[in-house]
Amino acid sequence: MDWQTFLDEPAVIAAAVLALGFVVGYLVGRLNQELLSASGVPEAVEGTPFERTAQSLGTSTVEIVARLSSWFIYGIAVLTAIHIAQLLDTDQFWFRITEFIPQVFIAVLVVILGFIVADKAELIVSEYLRSVKLPEVAIIPKLVKYTVLYVAFLIALGQIGVYIQPLLILLLVYTVGVIILGAVAFKDFLVSSAAGIYLLLNQPYGIGDEIRIGEQTGIVQEVDLFVTKIENNGEEYIIPNRRVFDDEIARVRD
């Protein structure tokens, strides 16, 4: 057998394709990792639960996404090599698999990005609402997180051809339910914010004034949209602004 005949053998061509696919997959993965690092992705996902989980497994979000692109190319290379080597006489099957793999790749990528965005959104909302001392507020970051995850899973399922219309209807029902429950559960929150707007615009008292709200007396330390902070004998009281209107309020004169 001469070299030309040997090189024309399907098994040899398949092996070459497989080797080339693994080399290209590795290089693409390394390139994507460098690009993601240079674009600031590690800083963007820092502190998120997904990133902490990845680090506990000895990897990172950037490495997972980069390796995902490598695995995608590896899978294409393996399927192509099997087809060229004619190990299985199932052309239609491999055609469908090859057509389906990019959809699965995108779906997995969407899910990973969904977890990252959901975790980051939860952190941002929690940080933004940190100064709001109302118990109902604690549920808002979780609602934001799971809403983002639900949408991400819907997109991923739609990408792989799953019929998602019932899930879209469920999302609509969920949204309406959140609005209705939010209006009931956060009634005090809305009232406090409305009262805070009034206090900030009219300023019936200011920082340094001594006031009495109900049975609590102290020096005003801070007035924001939701609460008034007063201090008395080293103790700080955080009073929802709605109490300014619900309870008796008086400014103490010297």
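Predicted model: local features only at pLDDT ≥ 70, side-chain atom pairs only at ≥ 80, totals over all residues.
A residue counts as partly exposed when its relative accessible area falls between the buried range, under 20%, and the exposed range, over 50%. Phe153 has a relative accessible area of 38%, so this residue is partly exposed.

The structure holds two aromatic pairs. One of them brings together Phe22 and Tyr74, whose rings are stacked, with 4.7 Å from centre to centre and 20° between the planes. Phe22 sits in helix α2 (residues 10–38) and Tyr74 in helix α5, so this pair ties together parts that lie 52 residues apart in sequence. As for accessibility, Phe22 comes out at 38% and therefore counts as partly exposed, while Tyr74, at 19%, is buried. Phe115 and Phe153 also form an aromatic pair, this time edge-to-face, with the centres 6.1 Å apart and 85° between the planes. Here too the pair links distant parts of the chain: Phe115 belongs to helix α6 (residues 91–128) and Phe153 to helix α7, 38 residues apart. Phe115 has a relative accessibility of 29%, so it counts as partly exposed.

Helix α7, which carries Phe153, covers residues 139–159. Its 21 residues reach 30 Å from the first C-alpha to the last, close to the 30 Å expected at 1.5 Å a residue. The buried residues of α7 are Pro141, Lys145, Leu149, Ala152, Leu154 and Ala156. After the helix comes Gly161, with a positive phi near 90°.

Back in helix α5 (residues 61–85), Ser69 is worth a look. With a relative accessible area of 8%, Ser69 falls under the 20% cut-off and is therefore buried. What does the side chain of Ser69 join up with through a polar contact of 2.8 Å? The partner is the side chain of Asn32. A polar atom of the Ser69 side chain also lies 2.5 Å from the backbone oxygen of Ala66. Setting aside neighbours within four places in sequence, Ser69 is in contact with Val28, Gly29, Asn32 and Phe105.

Then there is the sheet. Five strands make up an open sheet, in the order β4-β3-β2-β1-β5, with antiparallel pairing. The edges are taken by β4 (235–240) and β5 (249–251); each has a single partner strand, so one side of each has no neighbour in the sheet. On average, neighbouring strands of this sheet are turned by 40° against each other, direction ignored. In general, strands of a sheet pair through backbone hydrogen bonds, and they may do so parallel or antiparallel.

Ile211 stands opposite Arg251 in β5. Lys229 has Ile238 in β4 as its bridge partner. β3 and β4 form a hairpin with two residues between them, and Asn233 in the turn has a positive phi of about 55°.

Methods: Residues numbered from 1 in each chain as written. Heavy atoms only, no water. Helix = DSSP H or I, 4+ residues; strand = E, 2+ residues; numbered from the N terminus. Buried < 20%, exposed > 50% of the residue type's maximum accessible area, 1.4 Å probe, protein only. Polar contact = N/O pair within 3.5 Å; in protein donor to acceptor, adjacent residues only side chain to side chain. Contact = heavy atoms within 4.5 Å. Expected span 1.5 Å × (residues − 1). Pairing = 2+ DSSP bridges. Axes fitted to C-alpha atoms, helices over the stretch in contact; angles between N-to-C directions. Phe/Tyr/Trp six-rings, centres within 6.5 Å; stacked < 30°, edge-to-face > 60°.
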